[in-house]
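Subject: Structure for you to look at

Hello,

Please find the sequence and the structure below. My notes on what was found follow after them.

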Amino acid sequence: QLQLVESGGGLVQPGGSLRLSCAASGFTLDYLSIGWFRQAPGKEREGVSCISRSGGWTNYEDSVKGRFTISRDNAKNTVYLEMNSLKPEDTAVYYCAAKKTYYTENCYATQYEYDYWGQGTQVTVSS
């Protein structure tokens, strides 16, 4: 049974940095395309970034381009989201999601593509 666990969230001042981790268990990361999503209070969940199963393809939502970096370490079965220059509008619960992908090197930006979700980790950017 594939499970995803996010960690690394917390309270940070504007301009600060955090690194989120998404640890997968029960299935090899080699065949998982991973996406990061976030949901702020009163707003719909939105895509932040995604990475293909080998890491060769990534995508970022416009508001995080140049500030966030997604990466993966398949040996550790973990995907990371490095977040720099954080802004108050980045405050949200961040979720990672997985899609089993055996033959393609796609990165999926839409939440409906994903079958497995973590429980989320809170990121609060405030002074």
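Which residue does Ala92 stand opposite in S11? The residue is Val123. Strands here are DSSP runs (E, at least two residues), numbered from the N terminus.

Before the rest, some notes on the source. This is a predicted model, in which local features need pLDDT of at least 70 and side-chain atom pairs count only at pLDDT 80 or more, while totals for chains, interfaces and linings use all residues. Residues are numbered from 1 along each chain as its sequence is written, and side-chain values use heavy atoms, with hydrogens and water left out.

Strand S9

S9 pairs with S11 in the antiparallel sense over 3 bridges; two strands count as paired if DSSP finds at least two bridges between them. S9 is also joined to S4 by 8 bridges, and these two run antiparallel. Within S9, Tyr95 is the residue opposite Phe37. A further 2 bridges join S9 to S10, again antiparallel, and there Ala98 stands opposite Tyr116. Of the 9 residues of S9, 7 are buried, so the strand is largely enclosed by the rest of the structure. Buried means under 20% relative accessible area, exposed means over 50%, and partly exposed is in between (1.4 Å probe, protein chains only).

The open sheet

An open sheet of 4 strands has the order S1-S3-S8-S7, with antiparallel pairing. Strand S1 (3-7) and strand S7 (68-73) stand at its edges with a single partner strand each, so one side of each has no neighbour in the sheet. On average, neighbouring strands of this sheet are turned by 15° against each other, direction ignored. Such angles are taken between axes, which are lines fitted to C-alpha atoms (for helices over the stretch in contact), and run from 0 to 180 degrees between N-to-C directions. S3 and S8 (residues 78-83) are joined by 6 bridges, and Arg19 has Glu82 as its bridge partner in S8.

Disulfides

The whole structure holds 2 disulfides, a disulfide being a pair of cysteine sulfur atoms within 2.5 Å. One joins Cys22 to Cys96, with 2.1 Å from S to S. Cys22 lies in S3 (residues 18-25) and Cys96 in S9 (residues 92-100), so this pair ties together parts that are 74 residues apart in sequence. Another joins Cys50 to Cys107, with 1.8 Å from S to S. Cys50 is in S5 (residues 46-51) and Cys107 in the loop between S9 and S10 (116-117), so the parts tied together are 57 residues apart in sequence. Cys22 and Cys96 are both buried, and so are both Cys50 and Cys107.

Cores

A nonpolar core is a set of buried Ala, Val, Leu, Ile, Met, Phe, Trp, Tyr and Cys residues joined through side-chain atoms within 4.5 Å. The largest one has 29 residues, and Phe68 and Tyr94 are among the members that touch the most others. Leaving aside neighbours within four places in sequence, Phe68 is in contact (heavy atoms within 4.5 Å) with residues including Arg38, Val48 and Tyr60.

An exposed residue

Gln13 is in the loop between S2 (10-12) and S3. Its relative accessibility is 55%, so Gln13 counts as exposed. Beyond its neighbours within four places in sequence, Gln13 is in contact with Val125 and Ser126.

Regards
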